[in-house]
Amino acid sequence: MDLFEERREYTGIHMDIETVPTLPLDLFSEWMSEILDFGVSDPSAAVLSTCSEQKVSSRVVLIKQFNEEGFVFFTNYLSKKSKDIHLNPNASLLFFWPSCNKQVRVEGSVKKTSEELSDQYFSRRPLNSRLAAIFSQQSENIESMDFIKDKILDFKKTIEIERPDNWGGYVITPELFEFWQGHENRLHDRIQYQKSGKKWEISRLAP
């Protein structure tokens, strides 16, 4: 099948390179506040792309924190994405909010968060999510879900549930941001922030 006729027009407020914030995190915070007010489903969902020695892989993760240090997500340290990061500590994020005709692309280096932050977030997860993190050998082949579900039922009798050593957070420290605002006739705004030393250089890219 072809999708040649599958299209729509985009609309939005034009971005002026002279008036956008000097820091990309400030603009990202403005956009995230707008997305939250708009009631978008899964506003923190982002496509995470990692690269091993030969191949690129992408999947959706939920960003749980962002600040001056970077964007934080949590996962199993034995997963496919973690193995990629071990080989190549660079990654990209793509936030796409089609209902607002916006997307943000982030590129940067990756490292593990502190154990304290991983413990803090793990303790705030719902019980079943904590148990799933303990018993799911993420990205490994399994025969069925029954084994994991049975383990979770048995372990619910345990009072203390600690974060396993193979589960925790990563932080992506940005080196590049691209903010995309959709517009009519595919004449989209694309504002790029590129890290240069301790400063951010701002430029407009052709749509």
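A: A disulfide is a pair of cysteine sulfur atoms within 2.5 Å. By this rule the protein has 0 disulfides. The model is predicted, so local features need pLDDT of at least 70 and side-chain atom pairs count only at pLDDT 80 or more, while totals for chains, interfaces and linings use all residues. Residues are numbered from 1 along each chain as its sequence is written, and side-chain values use heavy atoms, with hydrogens and water left out.

The protein has 5 helices and 9 strands, where helices (H or I, at least four residues) and strands (E, at least two) are DSSP runs, numbered from the N terminus. Read from the N terminus, the order of the elements is α-β-β-β-β-α-β-β-α-α-α-β-β-β. The protein has 207 residues, and 41% of them are buried. Buried means under 20% relative accessible area, exposed means over 50%, and partly exposed lies in between, with a 1.4 Å probe and protein chains only.

Helix α1 covers residues 24-38, which makes 15 residues. The expected span of a helix is 1.5 Å times one less than its number of residues. For α1 this gives 21 Å, and the end C-alpha atoms are 21 Å apart, so the two values agree.

Which residues of α1 are buried? They are Pro 24, Leu 25, Leu 27, Phe 28, Trp 31, Met 32 and Ile 35. Seen down the axis of α1, these buried residues fall within an arc of 155 degrees, so they line one face of the helix. The arc is that of the directions from the helix axis to the C-beta atoms.

On a 1 Å grid over the protein atoms alone, a pocket is an open set of points with protein on both sides within 12 Å along at least five of seven lines, and its lining residues have an atom within 4 Å of a point. The second largest pocket has a volume of about 270 Å³, the volume being the space filled by probe spheres set on the points, which are joined across faces, edges and corners. The lining of this pocket has 16 residues, and those closest to its centre are Ile 13, His 14, Met 15, Trp 31 and Lys 102. With 4 residues, α1 gives the most to the lining. By class the lining has 7 nonpolar, 5 polar and 4 charged residues. Here Ala, Val, Leu, Ile, Met, Phe, Trp, Tyr, Cys and Pro count as nonpolar, Asp, Glu, Lys and Arg as charged, and the others, Gly among them, as polar.

Past the end of α1 the backbone deserves a look. Gly 39, just after the helix, takes a positive phi of about 80 degrees. Asp 42, in the loop between α1 and β1 (45-51), has a positive phi of about 50 degrees although it is not a glycine. Most residues other than glycine have a negative phi. Asp 42 is exposed, with a relative accessible area of 55%. Another positive phi, of about 65 degrees, belongs to Arg 186, which is not a glycine. Arg 186 lies in the loop between β7 (167-181) and β8 (189-196) and, at 36% relative accessibility, counts as partly exposed.

In α3, Leu 117, Ser 118 and Phe 122 are buried. Down the axis of α3 they fall within an arc of 130 degrees, so they line one face of the helix. Glu 116, Ser 123 and Arg 124, on the other side, are exposed.

Last come some pairs that are apart in sequence. Ile 85, in helix α2 (residues 80-87), is buried with a relative accessible area of 6%. Ile 85 and Cys 51 are 34 residues apart in sequence and 7.3 Å apart in space, C-alpha to C-alpha. Cys 51 is partly exposed at 24% relative accessibility, whereas Cys 100 is buried at 9%. Leu 127, in helix α4 (residues 127-135), is partly exposed at 35%, and its C-alpha is 8.7 Å from that of Ile 161, 34 residues away in sequence.

Terms used
1 Å grid on protein atoms, 1.4 Å probe; cavity = no way out; pocket = protein on both sides within 12 Å on 5 of 7 lines; lining within 4 Å.
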